[in-house]
Amino acid sequence: GGLIVNLLFTVCGRAGSKGVTGKNLRNFCGAPLVWYTLAAVSVYQERCLPEGGRIRTVLNTDSEELAQLTAGVPDPPVFLRRPPELAGDRAAKVSVIRDCLLRAQTLWGEKFDAVVDLDITSPLRTAGDIQAAVSRKLARPETDAVYSVAPARRNPYFNMVREENGFFCKAIPSDFTARQQAPVFYDMNASIYAYSVKPLLEKDPATFFNDRADAVEMLDTGILDIDSEEDYELMQAIAEHLYARRPDFREIRDRAHMWL
């Protein structure tokens with residue numbers, strides 16, 4: 001029989017956004033941006049979920065428009081209205097995920113094996129990316145979280161600098177003459193987070209990612225998070241390039257477009 005897993009998927013979005021106005025409500029390559037995240041869950045559930053496994057999906061938002069947008073897909077996520085104290089831009093994302101977990105436990109009267117958060121502004125993820133993160137989390141119960149990363153383009157030991165006393169200096173002083181000598185760094189690309197339930201309920205949200213985490217590597221698509229209008233345009237160009245060449249990316253787009 002194997003392991004029967006019960007997963008809670010969380011999709012979270014605020015109504016406001018500083019960088020790109022109403023970014024969570026936008027269209028992306030011809031379909032609502034948020035649908036790409038829901039499409040990835042849908043394909044993962046169909047193809048990658050262990051037999052007998054179950055997924056519950058919730059949308060946590062203070063945006064009525066976003067709730068309406070997600071209600072239009074088959075098997076829509078359950079809408080959890082975000083409480084005002086978690087709706088400001090200072091609220092820690094971990095606090096929002098914890099809120100989702102507590103409410104989902106009450107709602108379904110179930111225990112979850114892991115909580116998987118998918119960022120709306122990272123539409124370029126595949127079902128395989130989700131599977132990699134979930135599998136790693138379930139295989140390593142001692143980790144508090146497994147998150148997605150991409151290889152860092154800059155290295156604080158080698159080619160990152162900061163200003164100090166009127167001069168610029170290396171971010172971390174070193175005598176490395178080649179990047180290959182420096183320790184390897186990764187960017188948290190903010191696409192996928194798979195949490196252990198107990199730490200999510202007990203650990204300090206502000207310092208949650210300082211320790212006891214593991215990571216899975218994703219394709220570096222240059223910009224994975226939409227924080228400006230330029231990002232938004234560039235992301236769609238990168239997306240079209242990937243849809244033309246990679247069936248695993250294309251199937252997510254096709255699933256989202258199927259719902260139009």
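**Notebook: strands, helices and rings**

I began with strand 4 (residues 54-61) and strand 5 (residues 78-81): four bridges join them, and they run parallel. I count two strands as paired if DSSP finds at least two bridges between them. Helices (H or I, at least four residues) and strands (E, at least two) are DSSP runs, numbered from the N terminus. Asparagine 60 sits opposite leucine 80 of strand 5. From strand 4 the chain passes through helix 2 (residues 64-71) to strand 5, a right-handed β-α-β crossover. Right-handed means that, with the strands pointing away from the viewer, the path from the first strand over the helix to the second runs clockwise.

I noted the source. This is a predicted model, where local features need pLDDT of at least 70 and side-chain atom pairs count only at pLDDT 80 or more, while totals for chains, interfaces and linings use all residues. Residues are numbered from 1 along each chain as its sequence is written, and side-chain values use heavy atoms, with hydrogens and water left out.

I then checked strand 7 (residues 145-151) and strand 10: six bridges pair them in the antiparallel sense. Valine 146 has alanine 194 in strand 10 as its bridge partner.

I turned to helix 3 (residues 93-108). Its 16 residues reach 23 Å from first C-alpha to last, close to the 22 Å expected at 1.5 Å a residue. The expected span is 1.5 Å times one less than the number of residues. Its buried residues include Val94, Ile97 and Leu101. Buried means under 20% relative accessible area, exposed over 50%, partly exposed in between (1.4 Å probe, protein chains only). Just after the helix, glycine 109 takes a positive phi of about 60 degrees.

Last, I looked up rings. Rings of Phe, Tyr and Trp (its six-membered ring) pair if their centres lie within 6.5 Å; planes under 30 degrees apart count as stacked, over 60 as edge-to-face and the rest as tilted. The count comes to 13 aromatic pairs. Tyrosine 157 and phenylalanine 176 have ring centres 5.8 Å apart and planes at 75 degrees, so the pair is edge-to-face. Tyrosine 157 is partly exposed at 23% relative accessibility. Phenylalanine 176 is partly exposed at 24%. Tyrosine 193 and phenylalanine 209 form a tilted pair, 5.4 Å centre to centre, with 45 degrees between the planes.
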